[in-house]
Each structure stands twice: as C-alpha cells, then as structure tokens.
Amino acid sequence: QVQVEESGGGLVQAGGSLRLSCTASERRFSSSPMAWFRQAPGKERESVVYINWRGLGTYADSVKGRFSIAIDNAKNTVYLQMNSLKPEDTGVYYCAGDPLGLGTYEYWGQGTQVTVSS
C-alpha cells in the first residue's frame, strides 16, 4: 500500500505564498499522474491541478497564474507552489495518485490545512 503525506500548510495573509509537499512511499508515485484537491468548509472537494504522465499540470481556472507544480522524482515528492493567496483558497489540501491515468484516484493523503486571512 502506497503511503502519501501532505505537508506545508499553515496560516498566511492574503497575498502571501505557501508551498505544499506531497511525498509518497513509492518511487513511481511522483512520475505517475496525480492531482491536488482542496475542500473548503461546507463545500465539496474540488480539483486544483491534475498532473499528467508528462508532468504537465492542468489547473483549475480559479488558481491559474497563481499556483504551479514542481516534481522531484528523487524524493518521490510533488510540490504545489501557491502564490498570491486569497481567502477563498482556504481549505484542506489533498494529493492523490492516479496510477492508471484514468481519473481513478488512489493513495490519498490525510491533507494539510491552508488558511488565508484577509
């Protein structure tokens, strides 16, 4: 069973930045499709960015131009760099692996809380 752990969340003022990390116990995780999701209080979970086999990200419209991803295969880690944060970015951020590239997510982490104050 692949273990996945997110980290890097915290409290930041609007306009600030955070970098989240998603580290897996399996070497192939960071070189396979995966996604970052978030869930705000009282809202459904939504996709933030989907990363395909080539390591390219498809971002939600709400984060385009502000969020970016980076992959470190040597560390089995995928990063989510979040800049120009807004209060509406507040939520629990999760990463999940899509090992078959079919949108069937497995290997969910426990999430990391991001809170953006106005």
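Figure 1. R28 counts as exposed, because its relative accessibility is 57% and the cut-off for exposed is over 50%. The model shown here and in the other views is predicted. The side chain of R28 meets that of E26 in a salt bridge, with 3.2 Å from N to O. E26 is partly exposed, at a relative accessible area of 26%. A search of the whole structure finds five salt bridges, and the one between R28 and E26 is among them.

Figure 2. N76 lies in the loop that runs between β7 (67–72) and β8 (77–82). N76 counts as buried because its relative accessibility is 12%, and buried means under 20%. Leaving aside residues up to four places away in sequence, N76 touches C22, T23, A24, E26, R27 and S30. One of these, E26, is also the salt-bridge partner of R28. Another, C22, takes part in a disulfide with C95.

**Figure 3. An open sheet of four strands.** The strands follow the order β1-β3-β8-β7, and their pairing is antiparallel. β1 (4–7) and β7 are the edge strands; each has a single partner strand, so one side of each has no neighbour in the sheet. From one strand to the next, the twist averages 15 degrees.

**Figure 4. The pairing of β1 with β3.** Strand β3 covers residues 18–24 and runs antiparallel to β1, with four bridges joining the two. Which residue of β3 is the bridge partner of S7? The partner is S21. In the sheet, β1 stands at an edge.

**Figure 5. The disulfide between C22 and C95.** A disulfide is a covalent bond between the sulfur atoms of two cysteines. The count for this structure comes to one disulfide. C22 and C95 form it, and their sulfur atoms are 2.0 Å apart. The torsion about their S-S bond is about 80 degrees, so the disulfide is right-handed. The pair links distant parts of the chain: C22 belongs to strand β3 and C95 to strand β9 (residues 91–97), 73 residues apart. Are C22 and C95 buried or exposed? Both are buried. C22 is also one of the residues that N76 touches.

**Figure 6. The salt bridge between R38 and E46.** The side chains of R38 and E46 meet in a salt bridge, at 2.7 Å from N to O. R38 is buried, with a relative accessible area of 5%. E46 is partly exposed, with a relative accessible area of 35%.

Figure 7. The side chains of D89 and R66 form a salt bridge of 2.7 Å, N to O. This pair links distant parts of the chain, 23 residues apart: D89 is in the loop between β8 and β9, while R66 is in the loop between β6 (57–59) and β7. D89 counts as buried because its relative accessibility is 1%. R66 is buried too, with a relative accessible area of 10%. Through salt bridges that share partners, R38, E46, R66 and D89 are joined into one network.

Definitions and conventions
Residues numbered from 1 in each chain as written. Predicted model: local features only at pLDDT ≥ 70, side-chain atom pairs only at ≥ 80, totals over all residues. Heavy atoms only, no water. Buried < 20%, exposed > 50% of the residue type's maximum accessible area, 1.4 Å probe, protein only. Contact = heavy atoms within 4.5 Å. Pairing = 2+ DSSP bridges. Axes fitted to C-alpha atoms, helices over the stretch in contact; angles between N-to-C directions. Disulfide = S-S within 2.5 Å. Salt bridge = Lys/Arg side-chain N within 4 Å of Asp/Glu carboxyl O.
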